[in-house]
Amino acid sequence: MPEDRSIKSGYRNKLDESGNVVRNKARLVTKGYSQQEGINFTETFAPVARIKAIRILLAFVACTGMKLYQMDVKSAFLNGTISEEVYVSQLPGFENNLLSSHVFKLNKGMYGLKHAPRAWYEKLSSFLTNDNFILGKIDITLFRKEIKNDFIIVQIYVNDIIFGATIENLCQEFSKLMQDEFDMSMMGELKFFLGLQIVQSDEGIKIHQRKYTKELLQKFKMEDAKPMKTPMHPSNTLGRRIITR
């Protein structure tokens, strides 16, 4: 049974690690949140990197002296091919008056579809493995490719890709490989990922969450609050309360 959905346009701002707007993004998003397993879709699971995996990768890179870089896939979900039969209505404001009862049939994934992340992961994973990358046995969002005594590691999180290699040439070759296949944005050294602000230097890798802290203070209107080394006044004492049933 084909899936019938409506469609809308979405607009958002992409921010950098300092909270500044670096890009205005607009995309078409499908609507329709009522789905039945086996009718609308059969599988929606799409693996994504966990924050613990990113921390382990950063620790490994710091020990080996490598440097991590970041790439962003533009409209990543549009690259994935869906096997299900899905139709979407015409975009409000852009309807064809002569064909007002017609709908569009999707051949590729679109933001809002439950199975779009899975389709994109399968597309990217297949592309990397065909280029002799080895899929991780425990973390299937981690890829590794060995060339003689050197290697390159790639970690993916939906449309964000971070990678590093023992020699700079491998990073340049991987960047060209991805840009030839997909519409990519090379963002340079890894500085901001999954809420973590990352500083890479010859001394090692430092992680902090200044942006998150600043947003938290703004949310509760505490930008002008006096900073303290402890979360409460040192003279306060904590009492113990025993609850009996």
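**The core and its surroundings**

Author: Happy to. In this predicted model, the largest nonpolar core holds 34 residues, and those with the most contacts inside it are Val-154, Ile-161, Phe-163, Phe-174 and Met-178. Two or more residues each are given to this core by strand 3 (69-73), strand 4 (81-88), helix 2, strand 8 (150-157), strand 9 (160-165) and helix 3 (168-181). The largest share, 7 residues, comes from helix 2. As background, nonpolar side chains in soluble globular proteins tend to be buried together.

Let us begin with that helix. Helix 2 covers residues 116-130, and its 15 residues should span 21 Å at 1.5 Å a residue; the end C-alpha atoms are 21 Å apart, which agrees. The buried residues of helix 2 are Ala-116, Arg-118, Ala-119, Trp-120, Tyr-121, Leu-124, Ser-125, Phe-127 and Leu-128.

Just after helix 2 comes Asn-132, with a positive phi of about 75°, although Asn-132 is not a glycine. For context, most residues other than glycine have a negative phi. Asn-132 sits in the loop between helix 2 and strand 6. With a relative accessibility of 59%, Asn-132 counts as exposed, because the cut-off for that class is over 50%.

Strand 6 is joined to strand 7 (residues 142-147) by 2 bridges, and the two run antiparallel. Ile-134 has Arg-144 in strand 7 as its bridge partner, while the bridge partner of Leu-135 is Phe-143 in strand 7. Strand 6 and strand 7 make a hairpin with 6 residues between them.

Next, strand 7 and strand 8 are joined by 6 bridges and run antiparallel. Phe-143 stands opposite Val-154 in strand 8, and Val-154 is one of the residues with the most contacts inside the core.

Of its 8 residues, 6 are buried, so strand 8 is largely enclosed by the rest of the structure. On the way to strand 9 there are again bridges to follow: 6 of them join strand 8 to strand 9, and these strands run antiparallel. Ile-153 stands opposite Gly-164 in strand 9. The hairpin of strand 8 and strand 9 has 2 residues between the strands, and there Val-158 takes a positive phi near 55°.

The loop between strand 3 and strand 4 holds Ser-75. Phi of Ser-75 is near 50°, a positive value in a residue other than glycine. At 38% relative accessibility, Ser-75 counts as partly exposed.

Beyond this sheet, a further 3 strands form an open sheet in the order 11-12-13, with antiparallel pairing. Its edge strands are strand 11 (192-193) and strand 13 (204-208), each pairing on one side only. Strand 12 (residues 196-201) is joined to strand 13 by 5 bridges, and the two run antiparallel. Val-199 stands opposite Lys-206 in strand 13.

Tyr-212, Leu-216, Leu-217, Phe-220 and Met-222 make a nonpolar surface patch of about 480 Å². Among them, Leu-216 lies in helix 4 (residues 210-219) and is partly exposed, with a relative accessible area of 37%.

Definitions and conventions. Residues are numbered from 1 along each chain as its sequence is written. This is a predicted model: local features need pLDDT of at least 70, side-chain atom pairs count only at pLDDT 80 or more; totals for chains, interfaces and linings use all residues. Side-chain values use heavy atoms; hydrogens and water are left out. Patches are made of residues with over 30% relative accessible area and no salt bridge: like charges are joined within 9 Å, nonpolar side chains (Val, Leu, Ile, Met, Phe, Trp, Tyr) within 5 Å. Accessible areas come from the Shrake-Rupley method with a 1.4 Å probe; for residues, only the protein chains shown count as cover. A salt bridge is a side-chain nitrogen of Lys or Arg within 4 Å of a carboxyl oxygen of Asp or Glu. Helices (H or I, at least four residues) and strands (E, at least two) are DSSP runs, numbered from the N terminus. Buried means under 20% relative accessible area, exposed over 50%, partly exposed in between (1.4 Å probe, protein chains only). The expected span of a helix is 1.5 Å times one less than its number of residues. Two strands pair if DSSP finds at least two bridges between them. A nonpolar core is a set of buried Ala, Val, Leu, Ile, Met, Phe, Trp, Tyr and Cys residues joined through side-chain atoms within 4.5 Å.
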